[in-house]
Amino acid sequence: MAGPSPQPSIAKTEVYPCPNMGPALLSINAGQHVLVIGKSADGQWLEIMYPSGALDSAWVPSAAYGF
């Protein structure tokens with residue numbers, strides 16, 4: 001029986017509260033995993049789960065995933 005699929009691992013990148021808006025909230029290093037929950041209309045950004053205070057999600061550049 002197969003388990004759940006592993007979540008994508010990204011190259012080191014910054015996490016932003018909105019696409020093209022900063023400052024960065026934090027950096028994610030290679031080997032850390034995130035849960036991707038959406039994508040911007042232009043495909044340049046991925047929305048990830050970011051349960052922290054007032055935010056439920058945050059954004060990373062899709063290029064960090066090789067898209």
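Which residue in S5 does Glu 47 stand opposite? The exercises below lead from this pairing to the sheet, the core and the aromatic pair.

The model is predicted: local features need pLDDT of at least 70, side-chain atom pairs count only at pLDDT 80 or more, and totals for chains, interfaces and linings use all residues. Residues are numbered from 1 along each chain as its sequence is written, and side-chain values use heavy atoms, with hydrogens and water left out.

**Exercise 1. Describe the sheet and its hairpins.**

Step 1. Strands are DSSP runs (E, at least two residues), numbered from the N terminus, and two of them pair if DSSP finds at least two bridges between them. The open sheet consists of three strands in the order S3-S4-S5, with antiparallel pairing. S3 and S5 each have a single partner strand and stand at the edges, so one side of each lacks a neighbour in the sheet.

Step 2. S3 (residues 36-39) and S4 (residues 45-52) are joined by three bridges. Val 36 has Ile 48 as its bridge partner in S4, and Lys 39 has Leu 46. Five residues lie between these strands in their hairpin, where Gly 43 takes a positive phi near 80°.

Step 3. S4 is joined to S5 (residues 55-61) by six bridges. Here Glu 47 stands opposite Trp 59, which settles the opening question. The hairpin of S4 and S5 has two residues between the strands, and Gly 53 takes a positive phi near 60°.

**Exercise 2. Classify the aromatic pair.**

Step 1. Rings of Phe, Tyr and Trp (its six-membered ring) pair if their centres lie within 6.5 Å; planes under 30 degrees apart count as stacked, over 60 as edge-to-face and the rest as tilted. One aromatic pair is found in the whole structure.

Step 2. The centres of the Tyr 16 and Trp 45 rings are 5.8 Å apart and the planes stand at 85°, so the pair is edge-to-face.

Step 3. Tyr 16 is partly exposed, at 22% relative accessible area, whereas Trp 45 is buried, at 9%.

Conventions
Helix = DSSP H or I, 4+ residues; strand = E, 2+ residues; numbered from the N terminus. Buried < 20%, exposed > 50% of the residue type's maximum accessible area, 1.4 Å probe, protein only.
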